[in-house]
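Let us read a few features of this protein together. Look at the sequence and the structure before going on.

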Amino acid sequence: MRLGFLLLAAPLLLIHPVPAISDDTVSQHLRVSKPEIGTEATVASGEPLLVASEETVLEWARLKSDTLVSKSGMILPKDLLLECSLEHGTGPKECCKGYGAALYCLKDLDHDGKFDKVQIVAGGKAVEHLFAPYAVVLLPNPDHPRWKRELIFQGVAAGVLHLTYREYSADWSHPETSSDLVYDVAPSGPTDVTYKGAHIVFTSITGSQAQYQVAAGFAKN
């Protein structure tokens with residue numbers, strides 16, 4: 001069981017943590033491109049034609065209900081986030097949180113979406129029977145770079161196709177760069193658009209809706 005957590009002297013009120021990343025933390029590297037290359041899709045004005053992203057995420061567990069964890073009556077509150085890791089680096093997964101003056105590590109031994117065992121460091125005796133439903137939450141690893149790109153359909157007016165390109169780095173709520181793009185709609189047949197390596201073939205375009213196929217995704221960073 002890990003001991004590398006900061007144990008707080010008072011109950012923690014802020015439940016959105018700034019993680020102290022350890023080597024045994026459960027992480028995933030995600031590379032996403034939607035829709036997939038070669039698939040046909042339909043989009044309305046203001047919706048993305050193509051989204052691509054890459055990031056490393058850490059696994060957390062969010063408690064779905066208040067949870068009694070000790071015989072002295074300690075309750076971990078609903079929505080508390082616990083950082084998940086592999087015990088001793090290679091063993092079973094456990095999710096831990098420093099709360100009050102103790103460290104609580106919960107385990108889902110039968111992998112049914114409910115914690116059924118708790119170990120406590122410096123906080124009294126653990127309850128013998130634990131029933132704590134939780135949801136897996138994936139949060140960005142702040143120690144790894146991340147990026148996202150998107151191409152957005154903005155409709156057609158007077159034979160001109162309007163698109164917006166946006167690019168994000170660490171903060172995906174605000175783009176770092178944004179560009180408005182215009183292309184002439186082909187008078188007959190499909191309309192081809194290429195930008196930053198992405199190749200979109202529009203098979204049907206109306207004022208506020210389009211059918212298309214992604215022939216190629218964004219070029220790699």
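Q: Is Y165 buried or exposed?
A: This is a predicted model, in which local features need pLDDT of at least 70, side-chain atom pairs count only at pLDDT 80 or more, and totals for chains, interfaces and linings use all residues. Residues are numbered from 1 along each chain as its sequence is written, and side-chain values use heavy atoms, leaving out hydrogens and water. Buried means under 20% relative accessible area, exposed over 50%, partly exposed in between (1.4 Å probe, protein chains only). Y165 has a relative accessible area of 1%, so Y165 is buried.

Q: What kind of ring pair do Y165 and Y195 form?
A: Rings of Phe, Tyr and Trp (its six-membered ring) pair if their centres lie within 6.5 Å; planes under 30 degrees apart count as stacked, over 60 as edge-to-face and the rest as tilted. Here the centres are 5.2 Å apart and the planes stand at 65°, so the pair is edge-to-face.

Q: What kind of ring pair do F202 and Y212 form?
A: F202 has a relative accessible area of 1% and is buried. Y212 is buried too, at 3%. Their ring centres lie 6.1 Å apart with planes at 45°, so the pair is tilted.

Q: Over which ring does the charged end of R149 sit?
A: A charge sits over a ring if NZ of Lys or CZ of Arg is within 6 Å of the ring centre and within 35 degrees of the ring normal. For R149 the distance to the ring centre is 5.7 Å, and the ring belongs to W147.
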